[in-house]
Amino acid sequence: MADDARFMGRAIELAERGRGLTAPNPCVGAVLVRDGEVVARGWHTAWGKAHAEVEALRDAAAKGVDPRACTLFVTLEPCNHQGKTPPCTRAILEAGVPEVVVGCADPNATVEGGGAGFLRSRGVTVRMGVRERECRDLIADFLVWQTTDRPFSILKLATTLDGRIASRDGRAAWITGEDSRREVHKLRAWCGAVIVGGGTYRSDDPSLTCRLPGHEGPQPLAVVVTRTLPDPAGPSNLLSFRPGQTVFWTTRAQSESAGAARLADLGVKVQGLPALAGDPDGNLDLAEGLRLLRRDHGCHYTLTEGGGRLAGAMQRQGLVDELRLFQAMKVLGDELARPVFAGRGFAAMSDCWEFRLAEQGFFGTDLYLRLRPKE
């Protein structure tokens with residue numbers, strides 16, 4: 001159908017409204033279409049609440065729309081099992097919806113019975129795979145939660161056109177504009193932890209909080225990756241104002257030091273991570289830290305913000321599920337300035353890490369790219 005992509009696009013936009021609120025459930029959006037127009041809509045608003053299909057049917061009822069004359073577009077195959085809420089397939093059948101168009105199949109292997117097959121067996125016309133890649137991207141976080149024991153890991157980078165994140169002395173100042181910085185704070189609002197390297201901690205003295213006007217939700221944990229723990233008595237925004245929300249990832253030896261004990265007295269959590277298996281440089285196993293964040297703190301999303309060596313380590317260890325790049329229309333021109341990725345050593349062009357584009361746009365004059373690792 002010529003308009004299928006357009007209607008599914010509207011469902012995708014709705015699904016994004018639930019980002020950060022539905023975990024550990026996926027984001028899902030749905031619209032009811034009649035005579036070429038969207039007449040009702042819904043999305044999964046929060047974990048434990050009604051799914052997108054049910055919300056769309058409720059919207060239809062409130063507007064006096066008869067679902068029996070509509071086609072339902074939904075980004076993810078309707079569930080056919082009892083969870084926190086009843087099966088969506090039951091609601092679709094009871095409403096008398098004659099046709100359902102699905103973006104992507106449900107990848108959850110732990111549930112019994114495919115929703116599409118069940119609906120077809122009851123006489124509903126079901127079409128699959130409309131804007132499938134985009135709909136699968138919507139549930140990339142859900143796939144990580146289903147297949148691993150760590151959070152969904154987002155890497156945020158703000159860079160000049162020549163790929164620099166700070167001057168050669170480590171001073172970043174403001175590379176991007178206010179619109180980009182506001183978007184980053186939106187990310188912080190629904191991420192359970194913000195992760196930075198020790199260099200960023202020492203040079204920027206960050207707070208790593210969400211500072212959106214009117215933000216009333218919990219603040220993300222502040223996680224610092226460093227082999228050298230700070231002086232507990234030294235100047236630090238995190239130690240002075242957020243010790244109970246601050247975590248240091250360091251070596252096992254450092255985690256057992258007197259300095260670690262003094263930090264713990266302030267309320268800071270110091271976690272010793274093992275060295276990465278087979279790594280001659282003894283780099284920390286960052287996946288273990290991510291697992292601890294999910295296990296001990298219930299983090300479903302993490303946001304890594306810097307610097308270049310930490311970004312490189314996350315990518316080398318296969319821990320970048322999504323890259324959000326904000327590129328200012330500026331050129332620094334200093335070959336010794338800090339690069340956006342660092343720490344890899346010699347690599348040929350054939351060794352490049354490859355990404356694919358999932359979204360693009362602008363925030364003010366800054367180019368914005370949302371990227372995923374290339375399959």
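Q: In the hairpin of β1 and β2, which residue takes a positive phi?
A: Asp35 does, with a phi near 55 degrees, in a hairpin that has two residues between its strands. This is a predicted model, in which local features need pLDDT of at least 70 and side-chain atom pairs count only at pLDDT 80 or more, while totals for chains, interfaces and linings use all residues. Residues are numbered from 1 along each chain as its sequence is written, and side-chain values use heavy atoms, with hydrogens and water left out.

Q: Do β1 and β2 pair in the parallel or antiparallel sense, and over how many bridges?
A: Strand β1 (residues 29–34) and strand β2 (residues 37–43) pair in the antiparallel sense over six bridges, with Ala30 standing opposite Gly42 in β2. Pairing requires at least two DSSP bridges between two strands; strands (E, at least two residues) and helices (H or I, at least four) are DSSP runs numbered from the N terminus.

Q: Switching to the nine strands, in which order do they form the open sheet?
A: The order is β11-β10-β9-β8-β12-β6-β13-β16-β15, and the pairing is mixed. The edge strands, each pairing on one side only, are β11 (269–273) and β15 (355–363).

Q: And what joins β10 to β11?
A: Five bridges join β10 (residues 246–251) to β11, and the two strands run parallel; Thr251 has Leu273 of β11 as its bridge partner.

Q: Which strands does helix α12 lie across?
A: Helix α12 (residues 286–297) lies across β6 (152–159), β8 (193–197), β9 (221–225), β10, β11 and β12 (301–306), and runs at about 140 degrees to β11. That angle is taken between N-to-C directions on a scale from 0 to 180 degrees, using lines fitted to C-alpha atoms, for helices over the stretch in contact.

Q: New topic: how many residues has the largest nonpolar core?
A: It has 55 residues, and those with the most contacts inside it are Met8, Leu32, Leu72, Phe73, Val97, Val100 and Phe152. Helix α1 (residues 4–16) gives the largest share, six residues. Such a core is a set of buried Ala, Val, Leu, Ile, Met, Phe, Trp, Tyr and Cys residues joined through side-chain atoms within 4.5 Å, where buried means under 20% relative accessible area (1.4 Å probe, protein chains only).

Q: What is Val100 in contact with, leaving aside its neighbours within four places in sequence?
A: Val100 is in contact (heavy atoms within 4.5 Å) with Leu72, Val74, Pro78, Ile92, Leu119, Val124, Thr125, Val126 and Arg127.

Key:
Buried < 20%, exposed > 50% of the residue type's maximum accessible area, 1.4 Å probe, protein only.
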